Amino acid sequence: MVKIMKQRKTANTNLENSNRRDLNENIVENEKYGKSGKNSEADHSQNDGIGNNSTEKTDIKLSEHQYVGRFVSVWRSLVSVMYKPTNPASIGIFRILFGIGMVLDQLGEHSFLNADFLYANDVCQFPLFDFLKSLSTDWMVILHFTLFISAITFTIGYKYRISAIVFAFIYCYIFLLNTTRWNNHSYLYGLLATMFVTMDGHYFCSVDFRGRPKGDLKLPYWNVLLIRFQIFIVYFLAGVQKITSYDWMTGRSVTGSCHHWVFTPFRLFLSDQWIDLAVVHWGGMILDLVFPILLLFNETKLTALIFFTTFHLMNNQLFHIGMFPYIMIIASTIFADCDWPIKFASRCKKFLKPSTTHKKI
């Protein structure tokens with residue numbers, strides 16, 4: 001009996017030990033599976049994060065490519081507009097009229113006939129830059145005469161490029177040589193002359209291309225846009241300067257102009273004080289600011305040209321500013337269609353052409 005009892009105790013202990021082992025093994029396995037589940041969830045979340053980052057990076061790359069593509073397309077369209085073949089008639093007529101103005105300017109305001117007096121040895125010069133020095137009196141007379149001749153050859157379109165370079169270089173040199181002789185418009189002549197150096201202004205009505213069939217030559221559209229932009233800037237910045245000036249807006253810059261005969265029509269309904277303030281000051285400011293914009297649209301272009309012409313003709317009577325009013329009237333024609341001289345000439349021919357029909361008796 002004792003042996004049987006011992007055998008049962010050992011069997012029970014062995015059973016308990018085996019159950020404990022199984023329980024421990026189950027606990028260990030559960031812990032392993034729990035850890036692996038957590039790791040798998042973490043791996044999935046990391047993979048999701050990597051996927052999101054990759055998609056964000058691809059979106060950024062796509063957006064950058066889209067911006068670059070848009071910029072390239074805009075640039076190509078801009079270049080195509082700038083280099084669009086254009087009728088050279090308006091630039092050619094502007095070259096002729098501007099050249100005539102410069103020839104008259106060399107005979108008037110900047111006359112080479114007075115060069116020996118202006119650059120005499122006892123006359124003090126005030127150059128813009130210290131390194132600029134005037135030549136001897138004889139050489140300055142020769143420079144002025146060369147400037148006059150180059151203005152003539154530039155006007156007729158003979159050796160156009162050389163004539164434009166010589167005229168622009170000598171004019172800018174003389175302009176920078178003495179700041180005391182500067183006028184509010186003298187710089188513009190030098191700028192326009194320098195622009196003509198880079199443009200093909202001799203493709204129409206020039207000696208260089210005489211005998212060439214009409215319509216055979218075209219110039220890039222940027223030639224026209226460059227002049228239009230420069231003239232627009234002259235007017236618009238003048239308007240900005242006026243509207244930001246206290247003296248101008250209060251009528252104190254130009255006083256006494258109301259007594260001139262050009263304002264006689266305004267005296268019918270305005271006093272002298274209001275003519276000075278509203279017509280001279282405010283009217284000039286509005287013209288400079290608004291009418292350059294009106295020149296850009298076909299619907300308002302003719303009205304703006306009429307007002308501009310009247311404005312500059314009045315300025316020519318009020319102030320002694322040389323060829324500037326006439327040059328600006330000439331420059332306003334650049335805002336018209338590029339082939340306006342050809343259309344104008346054809347209309348004149350039709351108008352002057354004698355009638356071939358005869359009345360039957």
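**Exercise 1. State which residues of helix H10 are buried, and find what they pack against.**

*Solution.* In H10, the buried residues are Lys301, Ala304, Leu305, Phe308, Phe311, His312 and Asn315. Buried means under 20% relative accessible area, exposed over 50%, and partly exposed in between, with a 1.4 Å probe and protein chains only. Helices (H or I, at least four residues) and strands (E, at least two) are DSSP runs, numbered from the N terminus. The model is predicted: local features need pLDDT of at least 70, side-chain atom pairs count only at pLDDT 80 or more, and totals for chains, interfaces and linings use all residues. Residues are numbered from 1 along each chain as its sequence is written, and side-chain values use heavy atoms, with hydrogens and water left out.

Next, consider the partners. The buried residues of H10 pack against helix H7 (222-243), helix H9 (272-294) and helix H11 (324-332), where contact means heavy atoms within 4.5 Å.

**Exercise 2. Check the span of helix H10 against its number of residues.**

*Solution.* Helix H10 covers residues 298-318, which is 21 residues. The expected span is 1.5 Å times one less than the number of residues.

**Exercise 3. Describe the largest pocket by its volume and its lining.**

*Solution.* The largest pocket holds about 1000 Å³ of space. On a 1 Å grid over the protein atoms alone, a pocket is an open set of points where a 1.4 Å probe fits, with protein on both sides within 12 Å along at least five of seven lines; lining residues have an atom within 4 Å of a point. The volume is the space filled by probe spheres set on the points, which are joined across faces, edges and corners.

The lining of the largest pocket has 35 residues, and Lys242, Gly284, Asp288, Phe311 and Asn315 lie nearest its centre. Two or more lining residues come from each of helix H6 (186-198), H7, H9 and H10. Of these, Phe311 and Asn315 are also among the buried residues of H10.

**Exercise 4. Locate tryptophan 261 and decide whether it is buried or exposed.**

*Solution.* Tryptophan 261 is found in the loop between helix H8 (246-249) and H9. Its relative accessibility is 57%, so tryptophan 261 counts as exposed. Leucine 318 is 57 residues from tryptophan 261 in sequence, and their C-alpha atoms are 9.3 Å apart in space.
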